[in-house]
Amino acid sequence: MSLVTAVCRVDRLLPDSGTIGITAIDKRPVDGPVRVRPLGLYADVQADRKHHGGEDQAVYAYADEDAAHFAALLDRPIPAGLFGENLRTSGIDVTGAVTGERWLVGDTLLLEVTIPRIPCGTFARRLRVDKWVKRFTEEGRPGAYFRVVKSGPVAAGDPITVVERPDHGVTIGDMFAGMTPEQARAVLASERPLAPKVQRDVTKVLARIAV
C-alpha cells in the first residue's frame, strides 16, 4: 500500500552563508492534518522564492525507500524533513513517477507530478557532506515536486492513489538524468497542458538540438 508516512513543514529559519542569508530547509514532521493550497502547505515557507516554491513546486515528496538508501550510504539517519521534503512516502516509486501523473492523497488532495528536485549549495550546507551535490546527483534519487490540482488536507497515514498517468512514460528519473529529444517531444505531445516548469525543461532540450 502506498501512503504518506510524514507531513513536514518549516520548523524555523536557519542562518545560511549563501546569498539569501537564511534557509527554510529545516522541515520537521507535524501532527494532524495540514491544509495544502496552490502554493503549498499551510504555514510552510521558502526563503529563496526565486529558485524554490511557486505553483509548480508547491509540494516536495521524498520516499522512505530512497531515504533508507542514503542512510545506508552515509551511515547516518535521514529523518523525515531532513532533505527539505513536505511529504515522506512509502510504497510508491517517486523517482519512477511520470511527469504529469496525478496522485490522490487521502480523500481530497489531488497533486500532479512536475519536475525533479535539483540539489543546490544550500542543500549541501544543510547536510554538511563533502561534495554532496555531486553525490546526491550520482545516486539518481531526487524526489519529485508537485503542483496542487485540488486543495485539501494531508496527514501521516493518508493513502496515495495514482489516478492518472500520461502514456509518454517520461519519469522524474529521466528528467533528472537529462531527457533525450525523443522524450522531450513525447512530453510535449501530451494531451493535457504542461506545467510551466515542465514546458520550460522540454523547450530547453529541444532548443539545444536546434542550435
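Which residue in β10 is the bridge partner of Arg102? In this model, which is a predicted one, the partner is Glu112. I shall begin with the strands around that pair, continue to a cavity, and finish with one lysine.

The protein has 211 residues, and buried residues make up 46% of them. Its secondary structure comprises 6 helices and 13 strands.

I turn now to strand β10, which spans residues 109–116. This strand is mostly covered, with 8 of its 8 residues buried. Strand β10 pairs with two strands that I wish to describe. One of them is β9, residues 102–105, which runs antiparallel to β10 and is joined to it over 4 bridges. The pair formed by Arg102 and Glu112 belongs here. Together, β9 and β10 make a hairpin with 3 residues between the strands. Within that turn, Gly106 has a positive phi of about 70°. The other is β11, residues 144–150, again antiparallel to β10, this time over 5 bridges. In that pairing, Leu111 has Val148 in β11 as its bridge partner.

Glu112 also leads us to the cavity. A search of the whole structure finds 1 cavity of 30 Å³ or more. The volume of the largest cavity is about 80 Å³. Its lining consists of 13 residues, and those nearest its centre are Thr99, Gly100, Glu112, Pro193 and Leu194. Sorted by class, the lining holds 7 nonpolar, 4 polar and 2 charged residues. Glu112 therefore counts among the charged ones, since Asp, Glu, Lys and Arg are classed as charged.

Finally, I would draw your attention to Lys27, in strand β4, residues 27–29. Is this lysine buried or exposed? Lys27 counts as buried because its relative accessibility is 7%, and the cut-off for buried is under 20%. The side chain of Lys27 makes a polar contact of 2.8 Å with the side chain of Asp44. Leaving aside residues up to four places away in sequence, Lys27 touches several parts of the chain. Its contacts include Cys8, Arg9, Val10 and Asp11, then Asp44 and Val45, and also Ala80, Gly81 and Leu82. Gly84, Glu85 and Asn86 are in contact with Lys27 as well.

To close, the two residues I would ask you to locate in the structure are Glu112, the bridge partner of Arg102, and Lys27, whose side chain contacts that of Asp44.

Definitions and conventions
Residues are numbered from 1 along each chain as its sequence is written. Side-chain values use heavy atoms; hydrogens and water are left out. Buried means under 20% relative accessible area, exposed over 50%, partly exposed in between (1.4 Å probe, protein chains only). A polar contact is a pair of N or O atoms within 3.5 Å; within protein, one must be able to donate a hydrogen and the other to accept it, and residues adjacent in sequence count only if both atoms are side-chain atoms. Contact means heavy atoms within 4.5 Å. On a 1 Å grid over the protein atoms alone, a cavity is a set of points where a 1.4 Å probe fits but cannot get out, and a pocket is an open set with protein on both sides within 12 Å along at least five of seven lines; lining residues have an atom within 4 Å of a point. Grid points are joined across faces, edges and corners, and a volume is the space filled by probe spheres set on the points. Two strands pair if DSSP finds at least two bridges between them.
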